[in-house]
Amino acid sequence: MSHDGGPGVPRRAAAFLLAGALTVSALSACSSDEKANRPLAGQDIAPAGRALVADGGTLRWAVDAVPATLNAFQADADAATSRVAGAVLPSLFRLDARGRPQPNPAYLESAKVVDTEPRQVVLYRLDQQAVWSDGREIGAADFAAQWRALSGKDNAYWTARNAGYDRIAKIERGHDDLEVKVTFARPYADWKSLFTPLYPKEVMGTPDSFNDSARSRLKVTAGPFTLKKVDREDDEVTLVRNTRWWGAPAKLDRIVLRAVPRDERLDALAEDKVDLAEVDPDDAAKIAAAHGTRNTAPSRAAAAGAKAEQKEKKDKQKDDKDGEKGDKATDEGAARRKALRRYVVRSSLEPTYTQLALNGSDGPLADERVRRAVARALDRTELAELVLKPLGLPAVPVGSHLALAGQPAYEDNSGAIGGQDTKGARALLADAGWVLGGPVEKENKEESAKAKKKEKEEADGVDTAGAKGEKSGEGDDGTYVVGEDDKPGEAEGSGDGENSRRSDERAARSADGKQYLGEPGTARHGGAPGAYAPKGTAAPARAADTVRAKDGKALSLRFVLPAGPGSASLRAVGDRIARMLRKIGIRTTITKVSDGSYFEDHIASGEYDLALYSWPATAFPATDARPVYAKPVPGADGELKVEQNYTRVGTDQIDQLFDEALVTLDDGKRRELMRKADSRIWAGAASIPLYQRPQLTAARPRLVNVGAFGFRTPVYEDMGYAAKTPAPSPTSS
């Protein structure tokens with residue numbers, strides 16, 4: 001999981017991100033039914049055959065941070081951990097372009113279920129050339145060591161998850177050293193999720209090596225690259241070509257993963273410090289403006305930037321004609337634009353969706369009718385268009401909690417909650433006892449005044465949670481409690497106004513709120529300032545008439561968003577949601593929260609009513625999504641155990657459907673069970689999927705087989721520089 005814009009990923013979500021992360025390089029044939037369910041946007045990686053890729057070279061790839069650990073199964077593993085693991089360790093199964101697990105031929109000759117009675121048995125047949133970098137064959141001892149470490153039976157191993165490994169009864173050698181036989185104590189449908197990545201027994205064999213040794217070094221690897229150095233002083237991880245790799249040799253000599261914060265990516269590109277970097281839409285537009293229509297990710301923002309660039313060129317020509325000289329700032333700007341012309345932007349949709357989370361543990365949202373009213377008030381198409389349409393990407397709302405368009409398990413089940421219906425939402429609130437313009441007790445008004453005072457303090461740089469916040473560069477940024485201090489003459493059901501719509505679109509164009517999950521973020525794997533409204537946005541109208549009340553209390557919800565760079569789209573989406581809720585009589589107080597405390601202090605602890613954050617797609621929803629939607633239960637200490645279900649809403653029936661899916665080996669039957677579970681999750685109205693997140697990657701034009709990957713992650717051995725500069729690949733959108 002990830003919130004859009006923040007660098008962190010919750011601990012358990014890191015493994016969730018990794019479980020379905022590694023993918024293959026070739027598309028499989030599609031049936032007619034599959035063609036009807038394609039990814040909304042394909043990958044944009046400048047594909048090239050290996051014969052067209054030059055041998056040698058270094059790829060400097062921006063990451064959010066140097067990984068705290070190289071052990072992907074530890075709690076603080078992150079996206080950079082996953083990237084290293086994908087390049088240097090075995091992945092028995094990887095996902096194809098539609099998110100389907102496929103056997104990796106570099107390691108497997110075959111892998112299949114050979115028995116189901118009395119127990120499920122999976123037989124792996126390994127490639128006879130598969131060896132670790134020290135020359136030892138990959139075999140049953142490595143499988144067994146990983147199982148014992150991740151089974152959950154030995155608390156000395158500091159593991160983040162044991163899903164699937166806890167179902168294994170034994171692992172043994174098959175007919176020869178190339179065969180590994182895995183017997184399950186209980187049936188496990190998602191067995192293909194296991195042993196990816198696979199670590200050597202030297203890492204998994206003892207708690208000490210698992211907990212400590214693998215955090216900063218991997219002496220033994222088995223991928224197209226091997227780990228040379230983790231340099232925490234220079235914030236770099238260096239991978240070099242593995243001379244013992246038995247597959248097609250890596251084209252690149254080395255890959256350098258360089259830590260570059262999101263808000264410093266454009267500078268790093270302009271200063272020739274990196275060759276490849278995920279960027280926010282604002283940075284993508286600046287790259288587009290630097291070289292006009294040759295950008296591979298055209299958007300309205302990019303087009304506007306290009307137009308501005310053309311005007312600037314004309315103005316400069318006029319100035320030159322008049323004999324005027326540009327000042328230092330103009331010279332620096334021209335040099336920067338020239339430097340940015342070295343890059344193109346490759347675009348796709350990330351296999352991650354942003355959702356509106358509703359905390360159903362207490363307060364008004366504990367009533368399912370109120371949650372349903374919130375869901376029915378949302379125009380999800382409008383929200384998707386707000387973020388994706390300016391980027392030229394398909395603006396289609398996400399219809400499932402458990403898969404994304406293109407994945408075999410995807411089916412739009414949003415009909416379980418119904419479409420946008422303002423009238424129906426008002427009726428649900430009335431049925432729940434919330435009366436429009438109802439009386440509000442005096443003390444409640446005083447609390448509201450205190451909330452407004454906090455909002456003003458927040459605008460002046462005071463954190464509402466009690467910590468000192470960063471001061472806004474603009475001073476008073478027009479923060480307000482949405483639904484209270486309304487503009488005279490504007491009533492419930494009134495339009496949003498063209499000015500505020502344009503303000504939102506400008507904000508959405510300036511950043512996509514990426515984490516980058518994980519997610520969620522996740523994830524990933526920044527966020528939004530609190531109670532934010534773009535300048536020019538009309539204040540809401542006539543609170544006494546538009547806000548609903550019950551038992552003397554106003555219907556007011558705390559809307560928590562993360563605060564940080566690259567989060568303008570979340571601000572726009574949050575503000576638009578708040579105004580949609582205002583139409584049905586719900587007041588929202590939008591509060592900014594520092595990135596570091598967003599999940600731990602607010603989402604995980606339940607200190608919110610509404611929040612925006614993201615979940616990654618997975619090929620194994622029965623395993624990976626179950627803790628996200630599991631019914632919270634009281635622990636022995638009396639505390640509610642929510643796992644990753646931060647909305648705190650669940651049912652026994654949903655749990656039973658997940659449990660049944662986990663033991664159902666028939667793919668069709670398992671998908672039907674997941675469809676039923678998803679419909680019931682929708683009906684609970686605690687998690688409202690909104691849109692698939694954009695993925696924009698700045699790359700040197702000569703870089704091939706790398707960029708915006710979509711469902712598919714890199715095939716590291718095929719990456720490199722084209723022997724001849726190719727024309728920029730067309731955008732997938």
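Does Gly707 count as buried or exposed, and what is its relative accessibility? Please tell me about its surroundings too, and then about helix α22.

Modeller: Happy to! Keep in mind that this is a predicted model. Gly707 counts as buried, because its relative accessibility is 4%, under the 20% cut-off. You will find Gly707 in the loop between β23 (703–704) and β24 (720–721). Beyond its neighbours within four places in sequence, Gly707 is in contact with Asp44, Ile45, Leu276, Arg346 and Thr697. Met719 lies twelve residues from Gly707 in sequence, with 9.9 Å between their C-alpha atoms.

One of those contacts, Thr697, leads us to β22 (687–699), which is among the elements that cover the buried residues of α22. At its start, a side-chain oxygen of Asp666 comes to within 3.1 Å of the backbone nitrogen of Gly668. Just after the helix, Ala685 has a positive phi of about 55°. The buried residues of α22 include Leu673, Met674, Ala677, Ile681 and Trp682.

The axes of α11 and α13 (residues 422–431) come within 8 Å and cross at roughly 165°, so α11 is roughly antiparallel to α13. Their crossing is left-handed, and the residues making the contact include Val370 and Ala373 of α11 and Ala425 and Leu428 of α13.

Key. Residues are numbered from 1 along each chain as its sequence is written. This is a predicted model: local features need pLDDT of at least 70, side-chain atom pairs count only at pLDDT 80 or more; totals for chains, interfaces and linings use all residues. Side-chain values use heavy atoms; hydrogens and water are left out. Helices (H or I, at least four residues) and strands (E, at least two) are DSSP runs, numbered from the N terminus. The expected span of a helix is 1.5 Å times one less than its number of residues. Buried means under 20% relative accessible area, exposed over 50%, partly exposed in between (1.4 Å probe, protein chains only). Contact means heavy atoms within 4.5 Å. A polar contact is a pair of N or O atoms within 3.5 Å; within protein, one must be able to donate a hydrogen and the other to accept it, and residues adjacent in sequence count only if both atoms are side-chain atoms. Axes are lines fitted to C-alpha atoms, for helices over the stretch in contact, and angles run from 0 to 180 degrees between N-to-C directions. Angles under 35 degrees count as roughly parallel, over 145 as roughly antiparallel, 65 to 115 as roughly perpendicular and the rest as oblique. A crossing is left-handed if the near helix is turned anticlockwise from the far one by less than a right angle, and right-handed if clockwise.
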